[in-house]
Amino acid sequence: MTLAISFTKKPFVKDADTAVVGVCVDNKLSDEAETLDKQLGGVISAFLARQKKFTGKKNQLLSVTLPADAPYIRVLVYGCGKDDELKPLDFEKLGEKLMGAYGSSGTETSVLFCDNAEAAASIALGVKSKTYKYEKFKTKKEDEPEIDLQKLEIVCAKAPEALKIYDRYVCAEEGVMLAKDLINEPANHLYPESYAERIKDELKPLGIEVEIIDDKKMKKLGFHAHLAVGQGAAYPPRVVVMRWNGGKAKEAPVGLVGKGVTFDTGGLNLKPTGSIENMKCDMGGSATVVGVMKTLALRKAKVNAVGVVGLVENAISDRSYKPSDIINSMAGKTIEVLNTDAEGRLVLIDSLTYIQRTYKPQFVVNLATLTGAIIVALSPEFCGVFANDDELWGRLNAASEKTGEKLWRMPLHEVFRKDVENPIADLQNMGKMGRWGGACTAASFLEHFIEEGTKWAHMDIAGVAIKTMGKTFAPQQANGFGIKLLDRMIEEHYE
Ligand code: BES
Ligand code: ZN
Ligand code: ZN
């Protein structure tokens with residue numbers, strides 16, 4: 001679907017299906033609403049006076065049908081609440097909600113009046129985000145095609161400023177949409193080799209250096225743990241390194257690492273029906289990294305950034321790694337595999353060692369759909385963050401409050417680090433406590449591979465990577481979680 005969004009200073013735009021305007025609490029018309037009301041001969045105020053439900057509160061939306069000779073079919077009135085109650089995030093949500101109303105009313109063209117530049121840009125962003133659809137495998141169009149919004153014209157006294165803010169927001173939204181496409185792609189189409197090529201095709205034209213490390217080179221470089229996870233699969237593993245050099249020549253980069261398990265069967269510790277169906281999403285962390293890199297390049301961020309993603313399929317065959325195998329890692333620490341389904345941490349540790357030793361980044365944030373335990377702990381609403389640096393955590397948290405991606409800090413502690421130590425190898429890939437504190441022991445396993453002086457945060461996105469919609473066999477949808485907040489944090493503190 002192609003939607004054209006534009007910003008204009010023109011005070012009155014005629015001939016759209018639907019006009020949109022804000023009304024404050026107690027049905028006090030905003031300046032824009034008052035102007036429109038006058039132009040429409042007082043229809044809006046008369047309509048508001050005759051009904052009781054809409055009072056101008058936040059989250060309210062009312063459709064006012066206009067007479068046949070009016071320039072629009074209807075006016076949608078949204079509640080602005082008290083004074084400056086609505087924040088940019090509320091306007092973004094409003095944009096999303098408007099898309100629902102456009103859909104149900106069959107609106108193809110709309111004009112929206114809003115004189116606040118940031119609010120106007122946020123509404124436009126919410127609308128744009130709702131245009132995302134993943135339908136590339138549909139061969140048959142629906143019998144009754146949905147009527148989609150084709151044109152949205154936003155009338156704003158500060159139109160140039162609104163457009164500038166919107167253009168900035170859209171860079172991150174493009175990153176989000178790419179991540180959604182990657183996560184939604186099934187594992188028979190997106191496997192390590194095809195995924196690596198896809199990253200190259202998407203990012204190279206934007207000026208990002210993309211280096212694909214194949215399985216032979218991985219062996220030479222010492223990606224032992226990652227290779228062990230992949231040894232049972234027909235598809236060979238890959239590591240992809242992405243470099244965006246927008247900062248000063250010698251400045252240390254910011255570092256991002258992502259888990260890219262293109263399908264997680266659980267391996268010989270096979271996942272049961274009910275747990276396996278969504279496991280194409282197990283590369284969600286890597287998709288976030290790819291999305292952030294795209295965003296940085298689109299907005300020509302003045303920063304050096306390196307992203308490393310470990311791509312692999314966790315499959316079953318006569319060659320699969322087995323529980324009780326003792327494997328090596330790039331850092332040289334040996335690991336007893338107690339559960340082949342705790343594969344994400346094995347993939348991540350080699351990429352973590354690689355990025356720290358090769359690039360000495362200012363910080364490393366890794367993202368991974370790492371544990372079911374984080375969903376038990378925090379629900380699908382929050383992403384769990386484990387950070388060894390208060391400042392880094394503070395910056396992530398502050399950015400997340402602006403973008404609405406909810407984070408909650410979780411503990412790193414010696415008890416968990418000890419819990420993954422092993423009597424016959426250096427470490428084991430799950431805690432001796434088993435399910436107890438599963439998200440914390442997974443994080444502490446990663447912590448064993450964080451080198452002295454590295455500022456690091458691990459984001460467990462198992463709960464937030466996809467909308468679970470409560471039903472195992474309902475179609476799942478990717479969220480693109482984390483891109484906006486990482487992009488914001490980088491912009492605010494590292495450019
Ligand atoms: N990919 C899963 C975690 C996951 C669960 C992601 C649900 C998304 C939704 C991970 O590889 C895994 O299986 N973890 C195990 C670890 C356990 C064996 C120690 C888990 O969480 O059960
Ligand atoms: Zn697993
Ligand atoms: Zn996994």
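In which kind of crossing, left-handed or right-handed, does H12 pass H15? Let's work that out, along with some other features of this predicted model.

**Exercise 1. Describe how H12 and H15 meet.**

Step 1. Start with the opening question: H12 passes H15 in a right-handed crossing.

Step 2. Look at the axes. Those of helix H12 (residues 390-403) and helix H15 (residues 483-493) come within 8 Å and cross at roughly 120 degrees.

Step 3. Find the contacting residues. On H12, they include Leu-392, Arg-395, Leu-396 and Ala-399; on H15, Leu-485, Leu-486, Arg-488 and Met-489 are among them.

Step 4. Sort the residues of this contact by class: six are nonpolar, three polar and five charged.

**Exercise 2. Describe how H9 packs against H15.**

Step 1. Helix H9 (residues 284-298) and H15 pack at an angle of about 45 degrees, and their axes are 9 Å apart. The two helices are therefore oblique to each other.

Step 2. Check the handedness: H9 passes H15 in a right-handed crossing.

Step 3. Pick out the partners. Ala-287, Thr-288, Gly-291, Val-292, Thr-295 and Leu-296 of H9 meet Ile-483, Leu-486, Asp-487 and Ile-490 of H15.

Step 4. Classify them: this contact has six nonpolar, three polar and one charged residues.

**Exercise 3. Find the protein donors of the zinc ion (ligand 2) and describe its site.**

Step 1. Trace the donors along the chain, where their spacing is D-x76-D-x1-E. Distant parts of the chain are linked here: Asp-264 sits in strand E10 (residues 254-264), while Asp-341 lies in the loop between strand E13 (335-336) and helix H10 (344-359), 77 residues apart.

**Exercise 4. Which residue bridges the zinc ion (ligand 3) and the zinc ion (ligand 2)?**

Step 1. List what coordinates ligand 3: Lys-259 (NZ), Asp-264 (OD), Asp-282 (OD) and Glu-343 (OE), at 2.0 to 2.4 Å.

Step 2. Identify the bridge: Asp-264 joins the two zinc ions, which lie 3.2 Å apart.

Step 3. Describe the geometry. The site of ligand 3 is octahedral, with angles of 77 to 174 degrees among its six donor atoms.

Methods:
Residues numbered from 1 in each chain as written. Chains lettered and ligands numbered in written order. Predicted model: local features only at pLDDT ≥ 70, side-chain atom pairs only at ≥ 80, totals over all residues. Heavy atoms only, no water. Axes fitted to C-alpha atoms, helices over the stretch in contact; angles between N-to-C directions. Helix = DSSP H or I, 4+ residues; strand = E, 2+ residues; numbered from the N terminus. Left-handed = near helix turned anticlockwise from the far one by under 90°. Contact = heavy atoms within 4.5 Å. Nonpolar A, V, L, I, M, F, W, Y, C, P; charged D, E, K, R; others polar. Donors = N, O, S within 2.8 Å, 3.2 Å for Na, K, Ca; no water. Tetrahedral: all angles 85-135°; square planar, octahedral: opposite > 155°, others 65-115°. Parallel < 35°, antiparallel > 145°, perpendicular 65-115°, else oblique.
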